[in-house]
Each structure stands twice: as structure tokens, then as C-alpha cells.
Amino acid sequence: MTSRPADLVRCPDCGALVPDVDGPTHAYIGGNAGCWATWGELQARAYADPALAAVMPLAVDAYAAQHHGAEGRRQAQSVWVHLASLCLVLERGWTPREGIRAKQRLLAHDPGFDWLSPPSDPGQVTVLDVAGAPADEVASAVRAWATSVWEAWSAHHAAVRALAGTVERR
Ligand SMILES: [Zn+2]
């Protein structure tokens, strides 16, 4: 018989078993308070870990795309630009920092993004896998997470690639 510790709860977006806490969540990125708290701890760890800091923009894309939240204008915008960044970094070799600039440019010319129906399977990798990775593996864990999330959204790859193709690399 399998049982679940009483103090864990499943994140509705990524499916991770996270602490069942009361706490803040993001205004439009989805997930529950426990997942958001786990994400916050990872961000804090990046301040003291240059290898993690270098890939944190990619982790932001993975977290935001995996936590699409409920249908809405800002949610749609968030998912589109973070997926475009995942596409540029993972498929076209852009650096995570170039991905940030791509997002800024996409948001500056926001055409009004349609809601993309989220995947029923959010992928097997979550923020917990990155948070639990040892220091020398955390950067590759972020990349594995980003790849998993990008693959989960495969139904929309063609549309996202088309959007990503409109961004100039500079
Ligand atoms: Zn989550």
C-alpha cells in the first residue's frame, strides 16, 4: 500500500508533491503555495551558486510554461513568451540571457496572445528535481526540466516556433 505524508499536496499544474503550506502564489503563474515556495528556495539558492544563476532564466521559462494557470490574458501571454524562449534556447542555441531579451521584445509588441490549451501531461520533471539536485548537477537538471516542459507542449511547437522565428537575435 502506498501512502502519502499528510503534509504534502500535489501541485495542480506540475503534479509535484509539495509542502501543504499557506503562502503566496504568483499573480498569474499557476501552481499552489507549496510549489511557489519551492521555486522561491531555488531562486534564493541561485544567489550563492553561479552555475545555477547562469541557467536560472531557463528555469524561469520551465516553471512559467509548466505552471500555465487558468485561462486568461496574462496567463496566455506568459505561456507564449516563455515557450518561445524555451524554443530559442533549446532548439536554436540561444543563451538563456538572449532568451530574456527575446521575451522583452515579444512583450513590447504584444499582439494579444490566444490561450494555448495546456498539455494534459505536464512532463515528468518538476522544480523538485532541480531543487534536489547536488550543486554539480543542478545546471544539467535545469536543462532536463526545460527540455521536458518543452516536449510536453509539443502540440503547439509549430505555432511557438513561428513566433520565435519573428525575434531577431541581438
Ligand atoms: Zn508546480
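**View 1. Ser 78 is a buried residue of helix H3.** Ser 78 has a relative accessible area of 7% and is therefore buried, a word used here for values under 20%, with exposed meaning over 50% and partly exposed in between, for a 1.4 Å probe and protein chains only. Ser 78 has its place in helix H3, where helices (H or I, at least four residues) and strands (E, at least two) are DSSP runs, numbered from the N terminus. When neighbours within four places in sequence are left aside, Ser 78 is in contact with Tyr 28, Ile 29 and Ala 64, contact being heavy atoms within 4.5 Å. This is a predicted model, in which local features need pLDDT of at least 70 and side-chain atom pairs count only at pLDDT 80 or more, while totals for chains, interfaces and linings use all residues. Residues are numbered from 1 along each chain as its sequence is written, and side-chain values use heavy atoms, with hydrogens and water left out.

**View 2. Gln 75 also lies in helix H3.** Gln 75 is buried, with a relative accessible area of 17%. Apart from neighbours within four places in sequence, Gln 75 is in contact with Tyr 28, His 68, Ala 70 and Trp 115.

**View 3. The zinc ion has a tetrahedral site.** The protein donors of the zinc ion, lying 2.0 to 2.3 Å from it, are Cys 11 (SG), Cys 14 (SG), Cys 35 (SG) and His 67 (NE2); donors are N, O and S atoms within 2.8 Å of the metal (3.2 Å for Na, K and Ca), and water is not among the atoms, so sites may look incomplete. The angles among the four donor atoms are 102 to 116 degrees, and four donors count as tetrahedral if all angles lie between 85 and 135 degrees. Cys 35 lies in helix H1 (residues 33-46) and His 67 in the loop between helix H2 (50-66) and H3, so this pair ties together parts that are 32 residues apart in sequence. Both Cys 35 and His 67 are buried.

**View 4. Helices H3 and H7 pack against each other.** Helix H3 (residues 73-92) and helix H7 (residues 157-164) meet at an angle of about 85 degrees, with their axes 9 Å apart; axes are lines fitted to C-alpha atoms, for helices over the stretch in contact, and angles run from 0 to 180 degrees between N-to-C directions. That makes H3 roughly perpendicular to H7, a term for angles of 65 to 115 degrees.

Note on methods. Parallel < 35°, antiparallel > 145°, perpendicular 65-115°, else oblique. Tetrahedral: all angles 85-135°; square planar, octahedral: opposite > 155°, others 65-115°.
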